[in-house]
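Hi there,

Here is the structure I promised to pass on to you. Have a look at it first, and then read my notes below.

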Amino acid sequence: MIFDAYTPLILLVFVASLLIQGYLSRTYTKWGRVANPRGMTGADVARMMLDANGLQNVPVQMVPGNLSDHYDPGQKTVNLSESNFQVASVAAMAVAAHEVGHAIQDKSHMPALVLRGKMAMPLNLGMNLAPWLFMAGIFLHLSGLMWVGVFFFGFAMLFHLITLPVEFDASRRPLAFLNERGLSGSPEAQGGARNVLTAAALTYVAGFAMALLQFMQMLGFAGRRDD
Ligand SMILES: [Zn+2]
């Protein structure tokens, strides 16, 4: 670990991430116990929303794990964790609606989503290599190698950045849909659904803040080395 002006900020964001994780876990547990007014499971909500948006060809599948819910743009499938698939809770409704939000983005070729999909593969490779390239560059006094490491950190930061509009949009429109159709019920349940998705969105904000700080730190460190 590098100690410099960014270190306290990185620790701060790290603590904030833990707090956000805790908030997400509490909110999700709380609203996972409250039934949604129409008694619709996550699978029911997803199916209905997909059909309402002309996405009858997108299947809704159950996947193992907790909070493993995701939309798969390659297979064109909405995947819900066991509890969200089967349970008719406010949380299950909110998460299912969010994943359908990604399916709608995919259908409309949302530019940020397309770009994020293209970045995913090289990013995985780059993120695994970046710290090694960076350190190897420093120890072997190969500044070119060090800068390649910095470049990959910057690339990761951009990935986290374009994830933000994708995630916010995937929650905003489906929440409006649930409210319009009267599916979310009481103002309290509406607030619950919104809180679950806001908490999830905050984890992405923290992810970006961390990636940004790490990139700035690497950039500063490499700049001092290169002098
Ligand atoms: Zn999402």
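Please keep in mind that this is a predicted model.

**Helices H2 and H4**

Helix H2 covers residues 42-52 and helix H4 covers residues 90-107; they pack at an angle of about 35°, with their axes 8 Å apart. Their crossing is right-handed. On the H2 side, the contact is made by Gly42, Val45, Ala46, Met49 and Leu50. H4 brings Ala92, Met93, Val95, Ala96, Ala97, Glu99, Val100 and Ala103 to the contact. Sorted by class, that gives eleven nonpolar residues, one polar and one charged.

An α-helix has 3.6 residues a turn, so residues three or four places apart point the same way.

Which residues of H2 are buried? They are Gly42, Ala43, Val45, Ala46, Arg47, Met49 and Leu50. The elements that cover them include E1, E3, helix H3 (82-86), H4 and helix H6 (143-180). After H2 comes Gly54, which has a positive phi near 70°.

**The sheet**

Next, find the open sheet of three strands, where the order is E1-E3-E2 and the pairing is mixed. E1 and E2 stand at the edges with a single partner strand each, so one side of each has no neighbour in the sheet. On average, neighbouring strands are turned by 30° against each other, direction ignored.

The mixed pairing can be followed strand by strand:

- Strand E1 (residues 60-63) pairs with E3 in the parallel sense, over four bridges. Within this pair, Met62 has Leu80 of E3 as its bridge partner, and Val63 has Ser81.
- Strand E2 (residues 70-72) runs antiparallel to E3, and three bridges join them. Here His70 stands opposite Asn79 in E3.

E2 and E3 form a hairpin with four residues between the strands, and Lys76 takes a positive phi near 55° there.

Why is strand E3 (residues 77-81) described as largely enclosed by the rest of the structure? Four of its five residues are buried, and a residue counts as buried when 20 or more other C-beta atoms lie within 10 Å of its own.

H2 lies across E1 and E3, and runs at about 160° to E3. H4 also packs on the sheet, where it touches E2 and E3, and its direction makes about 160° with that of E3.

**Helices H6 and H7**

Now turn to H6 and helix H7 (residues 187-226). Their axes come within 9 Å and cross at roughly 165°. Because of that angle, H6 is roughly antiparallel to H7. H6 passes H7 in a left-handed crossing. Their contact has 23 nonpolar, nine polar and four charged residues.

**One residue to look up**

Is Pro111 buried or exposed? Pro111 is exposed, because it has 12 other C-beta atoms within 10 Å, and 12 or fewer is the cut-off for that label. The C-alpha atoms of Pro111 and Ile162 are separated by 9.7 Å, although the two residues are 51 apart along the chain.

Enjoy exploring, and write back with any questions!

Best wishes

Key:
Residues numbered from 1 in each chain as written. Predicted model: local features only at pLDDT ≥ 70, side-chain atom pairs only at ≥ 80, totals over all residues. Axes fitted to C-alpha atoms, helices over the stretch in contact; angles between N-to-C directions. Helix = DSSP H or I, 4+ residues; strand = E, 2+ residues; numbered from the N terminus. Left-handed = near helix turned anticlockwise from the far one by under 90°. Contact = placed C-beta atoms within 7 Å. Nonpolar A, V, L, I, M, F, W, Y, C, P; charged D, E, K, R; others polar. Pairing = 2+ DSSP bridges. Parallel < 35°, antiparallel > 145°, perpendicular 65-115°, else oblique.
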